[in-house]
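This report looks at strand pairing and at one helix contact. Please keep the sequence and the model in view while reading.

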Amino acid sequence: MRQHWTLDPAITFLNHGSFGACPREVLDHQSELRARMEREPVHFFVHQLEPLWNAAREQAAAFVGARPEDLAFVRNATAGVNAVLRSLRFAPGDQLLCTDHGYNACRNVLAFVAERWGAEVVVAELPFPLSDPSEVTRAIADAVTDRTRLALIDHVTSPTGLVLPIAEITEALSERGVRTLVDGAHAPGMLALDVEATGATWYTANFHKWTCAPKGAAMLWARPDAQEGLHPAVISHGYNSGRPRKRFLEEMDWTGTDDPTPALCVPKAIEVVGAIGGGWDAIRERNRALVLHGRDLLAEALDVAAPAPDSMIGSLAALPLPDGDGAPPSSALYADPLQIALFERHRVEVPIPPWPHPPRRLVRISAHLHNEASDYRALAAALQAELRSCE
């Protein structure tokens, strides 16, 4: 099925999780939309965009189990996290909870907001390896105090590739009076997502990862009782609009001139990828089976045990590696020397995240329709060769 993507055939691509990959038919559709926009930009933005936006919203909402009026498009999940956290007010001494499996960019938003209000970021340490999802719920609940005001929890963890029991977590937090912002960056397309059933107060997620829309397509969902006072990360015309329209959408839908085509392509991505893979249920089942196969093959090659139960795996899986050189990441675009060697010498694209901190590190694999079992055999052979050369 790789023929449907424009991926370089010379590269074994096992890092769909970082930025996604968009099928050529969806890219062609985006080009058509862009051409339509550029033929008459004023007419497009002033008269055509809102109906297109609303139609795309309806189909995206149906895909994730939400009402259209509660869902807004944003550029990425980090923008959604910014919108929520920077709209809220806190008091000195309030605690904002996250986990040590969280995404660095979103952890930075917590730190920024906490500094502004004199609040405190509390990090719940989740076990890894672990044997049961309940261990995660227990660790998060145990970190709650009477000063905890909000929790930022990943639905699928970025460095470790774990599907967390999000409904159980939000229930435990709600019982303690804590609102939950869920970073579901990886969830749409990977999981059979029902946003309303997660129990989240707010939920943000990307469509450009596992749904395979163009880069810059994401969503922010807000529970109806949590929409008042919620503003986009960029304040624009909607802030003082007098139109008789839901204020949440009026503010979120227009944050300045930008290319709206990634979000407008979400329905096309749902349609095209679903057709390629024989339906989304079949896609999720195939991808999960493939990444479990790849994980087990790598675990044997590395002589390590799988660090999490199969029930916590979606389309990502991570395994521990021997320690690296201990150098701290120099930037968000840091690549471990092993990751560079795998790409340059073996043409394998796979992330080696430093987690939980250098010198410890992981290898994280992905599985989507453009992958097959031979990709993981290639990675296993390359890893063995590189690790032997370091002995």
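How many bridges join S5 to strand S6, and do the two run parallel or antiparallel? Five bridges join strand S5 to S6 (residues 179–183), and the two strands run parallel; helices (H or I, at least four residues) and strands (E, at least two) are DSSP runs, numbered from the N terminus, and two strands pair if DSSP finds at least two bridges between them. From S5 the chain passes through helix H7 (residues 166–175) to reach S6, in a right-handed β-α-β crossover, where right-handed means that, with the strands pointing away from the viewer, the path from the first strand over the helix to the second runs clockwise.

The model is predicted, with local features needing pLDDT of at least 70, side-chain atom pairs counting only at pLDDT 80 or more, and totals for chains, interfaces and linings using all residues. Residues are numbered from 1 along each chain as its sequence is written, and side-chain values use heavy atoms, with hydrogens and water left out.

S5 itself spans residues 148–154 and is mostly covered, six of its seven residues being buried (under 20% relative accessible area with a 1.4 Å probe, protein chains only). S5 also pairs with strand S3 in the parallel sense.

| Strand paired with S5 | Residues | Bridges |
|---|---|---|
| S3 | 95–99 | three bridges |
| S6 | 179–183 | five bridges |

Within these pairings, Gln95 has Thr148 in S5 as its bridge partner, and Ile153 stands opposite Val182 in S6.

Elsewhere, helix H3 (residues 41–64) packs against helix H10 (residues 266–277) at an angle of about 50 degrees, with their axes 8 Å apart.

Definitions and conventions
Buried < 20%, exposed > 50% of the residue type's maximum accessible area, 1.4 Å probe, protein only. Axes fitted to C-alpha atoms, helices over the stretch in contact; angles between N-to-C directions.
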